[in-house]
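Here is a short briefing for a first look. Have the sequence and the 3D view open as you read.

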Amino acid sequence: MLRIAVQAKGRLFEETMALLEESDIKLSATKRTLLVQSTNFPVEVLFLRDDDIPQSVATGVADLGIVGENEFVEKGEDAEIIKRLGFSKCRLSLAMPKDIEYPGVEWFAGKKIATSYPVILNKYMKEKGVSAEIHVITGSVEVAPGIGLADAIFDIVSSGSTLVSNRLREVEVVMKSEALLIANKDLSDDKKEILNELLFRMDAVKTAEDKKYVLMNAPKETLDAIVAVLPGMKSPTVMPLAQEGWCSVHTVLDEKCFWEIIGKLKALGAEGILVLPIEKMII
Ligand SMILES: Nc1ncnc2c1ncn2[C@@H]1O[C@H](COP(=O)(O)OP(=O)(O)OP(=O)(O)O)[C@@H](O)[C@H]1O
Ligand SMILES: O=P(O)(O)OC[C@H]1O[C@H](OP(=O)(O)OP(=O)(O)O)[C@H](O)[C@@H]1O
Ligand SMILES: [Mg+2]
């Protein structure tokens, strides 16, 4: 049995649960229970505050954890990063009142900076050779300058709208962050085997995420040109249609180059293009 520590509620919760569900890990209950067993896979899920996840994994209370990189780095606990999960993407930035001119990082010298990430901020300031007063608060960091609690802040930024609504301006990006899968460094062989199966499933979900299954009707005279436009596949599936001179082409397309390729396919006479999501992809 492998125990995974995940955030009980907050910014990581929904995508963490979606990843487990898409990996076909069914849970008997998820509400108001701290420890929930899977009904179809040898894992149990421990619901914690994200602050406590790095330590629970480092000490072996949990075998795995899903936590923001910012929190993992801040806590400095000894656990292994197994996989970058690509969700809850954000950055840790320094921000200051938007109406004041910003000459460079030396502006922060002697200033009071409110943050929930003192370790990361302290390290950055040392590297820059700037000495500032770090004021630790656990939430609502962005309001600190407006109420005279600090001159500036160091906090999570994603869309930037919280900064804007507090009349702040992002001036230095200190680190980028995303959700991480972390593991205890001393997993038994049995646990490693379960982890490998879990990774196999997660990879199949992740690989499928930015791919689409595309079907189209293609005129036979442009078929070679259509096949040449389709990238990265060994060969698309080509099947004859009942209508003379036409065939059906099935392939997998990367979402990134999707619109560009669809445009070329249409120009080559492809019709009836169907685009379907892919649930899992094993390559
Ligand atoms: N606006 C955002 N956009 C994207 N990711 C975010 C955003 N805010 C936070 N995150 C990421 O999600 C993690 C959890 O954020 P959340 O705000 O839920 O934490 P919290 O309030 O400390 O929760 P907890 O109650 O578990 O301690 C952060 O550490 C960060 O990695
Ligand atoms: O750049 P933005 O898109 O505005 O996101 C940044 C905000 O998101 C997070 O807070 P959250 O909304 O999770 O609330 P919290 O302070 O209660 O954690 C974070 O602490 C920032 O305040
Ligand atoms: Mg927290």
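The shell around ligand 1 divides into 3 nonpolar, 7 polar and 6 charged residues. Here Ala, Val, Leu, Ile, Met, Phe, Trp, Tyr, Cys and Pro count as nonpolar, Asp, Glu, Lys and Arg as charged, and the others, Gly among them, as polar. This is a predicted model: local features need pLDDT of at least 70, side-chain atom pairs count only at pLDDT 80 or more, and totals for chains, interfaces and linings use all residues. Residues are numbered from 1 along each chain as its sequence is written, while chains are lettered from A and ligands numbered from 1 in the order in which they are written.

**Ligand 1**
- Gly-10, Arg-11, Asp-50, Gly-68 and Ser-158 come nearest among the 16 residues around ligand 1 (near: C-beta atom, placed from the backbone, within 6 Å).
- Domain 1 (2-87 + 178-208) and domain 2 (90-176) each supply at least three residues of the shell.

**Domains**
- The domain assignment, automatic or from a database, also gives domain 3 (210-277).
- The centres of domain 2 and domain 3, taken over C-alpha atoms, are 50 Å apart.

**Helix H1**
- Thr-16, Leu-19 and Leu-20 are buried in helix H1 (residues 13-22) (buried: 20 or more other C-beta atoms within 10 Å of its own, C-beta atoms being placed from the backbone).
- Helices (H or I, at least four residues) and strands (E, at least two) are DSSP runs, numbered from the N terminus.
- Seen down the axis of H1, the buried residues fall within an arc of 95°, so they line one face of the helix (arc: directions from the helix axis to the C-beta atoms).
- Just after H1, Asp-24 has a positive phi of about 60°.

Terms used:
Buried ≥ 20, exposed ≤ 12 C-beta atoms within 10 Å, placed from the backbone.
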